[in-house]
Amino acid sequence: MYKIELIIEKMKTTDLLKEYCDKEKFIGFCKKCKNYNKVWSCPPVKFNSDEYLKRYDNAYIIGTKVIYDEKTIKNTNTEEKISKVTEETFHDVKKLLATIFLQLEKEYENTKFISSGVCDICNECSRSLNNPCRYPDKMRYSFDSFGMDLSRISFKLLNTEIKWSKGQLPEYYTLISAFMTNNEIDNLKEKIENHIIKYN
């Protein structure tokens, strides 16, 4: 159905904030989303998001390309099918990445991953009920929560065009996440790929 390819670029966290963060613009977009103020992983966050990221010297930006095979693209030929395949794919890949990144957090001190998109651990987030997160040890904030320009990150940093479904399933989707750390991690791409093989 699909394969996964990784593109990883390392940069200093200060440079990430300087070059790709525009809270006013991108948090503004988030305010129009149905998840705004209803999901703990999404805006508004209840802390200084810049200071949260600055605790970590390095940002490993991870572009996960979910590349569909020709048969899947051909057979996903209605809006209903596109929506179903997209939702299932995103859920499965995000769950896989979360499992891997949580494991890597245990292997490296002073690390935290930033998720691609909304947390979907629970069917209904406890934030919508004005309750604390049920799984704070597993929930990670979305890149959107920090006001990042994900399209620019994808195009300029990862050299990858973000594709959208426009009446048909695209060739690929790109999920953008980050691994924040005070460490220098050699062969991170290989480590993640090995975990993908292990868990798939």
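Modeller: A crossing of helices is left-handed if the near helix is turned anticlockwise from the far one by less than a right angle, and right-handed if clockwise. The model discussed here is predicted, so local features need pLDDT of at least 70 and side-chain atom pairs count only at pLDDT 80 or more, while totals for chains, interfaces and linings use all residues. Residues are numbered from 1 along each chain as its sequence is written, and side-chain values use heavy atoms, with hydrogens and water left out.

Colleague: Which handedness has the crossing of H5 and H7?

Modeller: Two packed helices are described by the angle between their axes and the distance between the axes. Helices (H or I, at least four residues) and strands (E, at least two) are DSSP runs numbered from the N terminus. Helix H5 spans residues 79-107 and helix H7 residues 188-199; their axes come within 10 Å and cross at roughly 125 degrees. Axes here are lines fitted to C-alpha atoms, for helices over the stretch in contact, with angles from 0 to 180 degrees between N-to-C directions. The two helices are therefore oblique to each other (under 35 degrees is roughly parallel, over 145 roughly antiparallel, 65 to 115 roughly perpendicular, the rest oblique). The crossing of H5 and H7 is right-handed.

Colleague: Which residues make the contact between H5 and H7?

Modeller: Contact means heavy atoms within 4.5 Å. From H5 come Leu96, Thr99, Ile100, Phe101, Gln103, Leu104 and Glu107, and from H7 Leu188, Ile192, His195, Ile196 and Tyr199.

Colleague: How many aromatic pairs does the structure hold?

Modeller: Rings of Phe, Tyr and Trp (its six-membered ring) pair if their centres lie within 6.5 Å; planes under 30 degrees apart are stacked, over 60 edge-to-face and the rest tilted. The structure holds 10 aromatic pairs. For Tyr2 and Tyr68, the ring centres are 6.3 Å apart and the planes stand at 75 degrees, so this pair is edge-to-face. Because Tyr2 lies in strand S1 (residues 2-12) and Tyr68 in strand S2 (residues 58-68), the pair ties together parts that are 66 residues apart in sequence. Tyr2 and Tyr68 also form one aromatic cluster with Phe90 and Tyr173.

Colleague: Is Tyr68 buried or exposed?

Modeller: Buried means under 20% relative accessible area, exposed over 50%, partly exposed in between (1.4 Å probe, protein chains only). Tyr68 is buried at 4%, and Tyr2 is partly exposed at 30%.

Colleague: Where does Cys42 lie, between which helices?

Modeller: Cys42 is in the loop between helix H2 (23-30) and helix H3 (49-54). Cys42 is buried, with a relative accessible area of 9%. Beyond neighbours within four places in sequence, Cys42 contacts Asn35, Val118, Arg127, Ser142 and Ser145.

Colleague: Which residues are joined by a cis peptide bond, and what is the phi of Asn37?

Modeller: Most residues other than glycine have a negative phi, and most peptide bonds are trans. Here a cis bond joins Pro43 and Pro44, with omega about -5 degrees; Pro44 is in the loop between H2 and H3. Asn37 has a positive phi, near 65 degrees, and is found in the loop between H2 and H3. Asn37 is partly exposed, with a relative accessible area of 40%.
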